[in-house]
Amino acid sequence: MPNGPSEMTHTGGDAPSAVFARLAEMVYDGDDFTQVYQAICDAAATLVPGCAHASLMLKENDRHVTVAASDDIAAQVDALERAEQEGPCLDAIENDAPQVESELARSTQWPRLARRAIAETPVRGAAGFRLMIRGRKVGALNLFSDNAGEFTDKSIDQAILITAFAAVTLTALHEHQEAQTLREGLASNREIGKAIGLLMAFHDISEGRAFDLLRKTSQDMNIKLTGVAREVIAHHNSKFD
């Protein structure tokens, strides 16, 4: 995780539309989830008034994992929440309403977290916003301020907008990658099927025998089955060129 603001946070004058456009580009370019997670955190730290640090925490079975953070401080507060088992980020995952404490020193909701955050970090305000993907509660976008009272109604509105866009972005990335996997799977199956058909025709063997021959060659040569299938097809095509 970065120690300070990343490239996206350097451009504090970026309009929301420019940042959202960049996130959309990342999806269509097929960037992986790690890069998109990081970009979401950087966007939040850039665009939300009063936000000095941001993180993205996801729920994985019974664990809560910080998958990206704008800096080490955001990741540290997430770790404090997990250690104390309380805080806006954890509550936001389970609750629809934004969880906001603009002055941790006055917090009655999360007293243990407030004490540790004030003692161990510069953070003085915290907020969590639930992230929903395909109707599932998967995590929360977490924002932290270094001064009390910096999270205003405008901050909350902007954070809700970014969280909603993050959900759309991650859903699109899921669908993009699933479509790509499906396309690759179908292509692989077609190649294997074609190779089996060629072996059956030219060696007068059964479908099962042809598949066993492909599989054994794959194991002996330590080449993926699809790779062997492509070689069989290429060899056949070269004989008839």
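Asn 61 is exposed, at 72% relative accessible area; exposed means over 50%, buried under 20%, and partly exposed in between, with a 1.4 Å probe and protein chains only. The model is predicted: local features need pLDDT of at least 70, side-chain atom pairs count only at pLDDT 80 or more, and totals for chains, interfaces and linings use all residues. Residues are numbered from 1 along each chain as its sequence is written, and side-chain values use heavy atoms, with hydrogens and water left out.

Asn 61 sits in the loop between β1 and β2. Helices (H or I, at least four residues) and strands (E, at least two) are DSSP runs numbered from the N terminus. The phi of Asn 61 is positive, about 60°, though the residue is not a glycine. Most residues other than glycine have a negative phi. Asn 222 also has a positive phi, near 55°. Its place is the loop between α8 (207-221) and α9 (225-239). Asn 222 counts as exposed, at 73% relative accessibility.

Now turn to helix α4. Its buried residues include Ala 74, Val 77 and Leu 80. The buried residues of α4 pack against β1 (53-60), β2 (63-69), α5 (88-94), α6 (111-120) and β5 (136-145), where contact means heavy atoms within 4.5 Å. After α4 comes Gln 85, with a positive phi near 55°.

Last, the cysteines. The structure holds 0 disulfides, a disulfide being a pair of cysteine sulfur atoms within 2.5 Å. For Cys 51, the nearest cysteine sulfur is that of Cys 41, 9.3 Å away. Cys 51 is buried, at 9% relative accessible area. Cys 89 is buried too, at 0%.
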